[in-house]
Amino acid sequence: MFRVLDHPLIATELTRLREPSCPTSEFRQRMRRIASLMAPYVTELLETEVVECTTPLEITTGKRLVQSIVLVPIMRAGLGFLDGFLDLIPEAAVAHIGLARNEETLLPEPYYMKHPPSLAGKFVLLLDPMLATGGSAVEAVRNLREAGADRIAFACLVAAPEGLATFAEACPEIPVYAAALDRCLSERGYILPGLGDAGDRLFGTEA
Ligand code: PRP
Ligand code: URA
């Protein structure tokens with residue numbers, strides 16, 4: 001399942017993010033805001049169960065989440081999404097995956113992974129603003145599955161059709177949510193029109 005969250009508030013935030021004149025501090029704030037705007041949609045498949053609920057006036061029924069939630073930012077750029085999700089889901093655990101895309105081969109090179117002891121039975125939400133070739137997202141899912149994850153969703157900001165196709169083929173059961181589906185990849189593996197290097201723009205490390 002692939003869903004573009006074509007919401008006016010998300011679209012206007014993303015439009016400003018794309019512009020090179022959007023400085024790091026503003027880029028960070030807007031990415032965080034987009035994450036919060038996306039969060040209700042991205043968690044739409046969370047299961048709930050009915051519980052008894054006592055109001056000041058009577059006993060009624062309410063709902064509670066069946067599964068606990070683990071947010072998984074792919075470093076570095078996924079960190080830009082993290083706080084916006086945590087603002088809405090403060091009880092979530094956070095697992096980190098470090099992947100750096102090799103600029104020559106475009107393949108992801110893993111450098112870090114830290115997650116709760118078991119991910120089995122949890123709602124694991126992978127976060128990365130950019131789905132370009134799809135290599136990083138597929139590698140992250142492989143790591144999460146090794147750690148026991150059996151229920152994964154993926155939230156990105158901008159997706160390229162090439163990456164989406166690769167991801168859908170490797171992980172057909174994982175729903176993908178994006179703020180935009182862009183046109184294609186450049187020869188150097190950048191998303192077009194895209195927004196440039198998300199990690200560099202987020203952390204002010206542009207050359
Ligand atoms: C970027 C981005 C994704 C990856 C997407 O990270 O944040 O993780 O590229 O590309 P792919 O779909 O072709 O794998 P990068 O590896 O540049 O690291 P950074 O976030 O530290 O800048
Ligand atoms: N990673 C980025 O940060 N931007 C792209 O366009 C592609 C991969």
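User: How far does a backbone N or O atom of glycine 196 lie from a nitrogen atom of ligand 2?

Analyst: This is a predicted model: local features need pLDDT of at least 70, side-chain atom pairs count only at pLDDT 80 or more, totals for chains, interfaces and linings use all residues, and side-chain values use heavy atoms, with hydrogens and water left out. Residues are numbered from 1 along each chain as its sequence is written, while chains are lettered from A and ligands numbered from 1 in the order in which they are written. A polar contact is a pair of N or O atoms within 3.5 Å; within protein, one must be able to donate a hydrogen and the other to accept it, and residues adjacent in sequence count only if both atoms are side-chain atoms. For glycine 196 and the nitrogen atom of ligand 2, the distance is 2.8 Å.

User: Which residue puts a polar backbone atom 2.8 Å from an oxygen atom of ligand 2, and how much of the ligand's accessible area does the protein cover?

Analyst: The residue is alanine 198. On its own, ligand 2 has 240 Å² of accessible area (Shrake-Rupley, 1.4 Å probe; for residues, only the protein chains shown count as cover). The protein covers 88%.

User: Which residues come nearest to ligand 1?

Analyst: The shell around ligand 1 has 15 residues. By class, six are nonpolar, five polar and four charged. The nearest are Arg76, Arg101, Asp128, Thr133 and Ser136.

User: How much of the accessible area of ligand 1 does the protein cover?

Analyst: Side chains make polar contacts here. Oxygen atoms of ligand 1 lie 2.5 Å from an N or O atom of aspartate 128, 2.5 Å from one of threonine 133 and 2.6 Å from a polar atom of serine 136. Of the 500 Å² that ligand 1 has on its own, the protein covers 91%.

User: Which element gives the most to the shell around ligand 1?

Analyst: Elements are DSSP runs numbered from the N terminus: helices are H or I with at least four residues, strands E with at least two. Those that give two or more residues to the shell are β6 (96–101), β9 (130–131) and α4 (135–146). With three residues, the element that gives the most is β6.

User: How many bridges pair β6 with β7?

Analyst: Two strands pair if DSSP finds at least two bridges between them. β6 and β7 form a hairpin with six residues between them. Isoleucine 97 stands opposite methionine 113 in β7. The pairing is antiparallel, and the bridges number six.

User: What is the phi of leucine 106?

Analyst: Leucine 106 is in the loop between β6 and β7 (108–114). Most residues other than glycine have a negative phi. Leucine 106 has a positive one, near 65 degrees.

User: Which residue in β3 is the bridge partner of cysteine 53?

Analyst: Strand β2 (residues 48–54) and strand β3 (residues 59–65) pair in the antiparallel sense over seven bridges. Four residues join them in a hairpin. The partner of cysteine 53 is threonine 60.

How values were computed: Near = heavy atom within 4 Å. Nonpolar A, V, L, I, M, F, W, Y, C, P; charged D, E, K, R; others polar.
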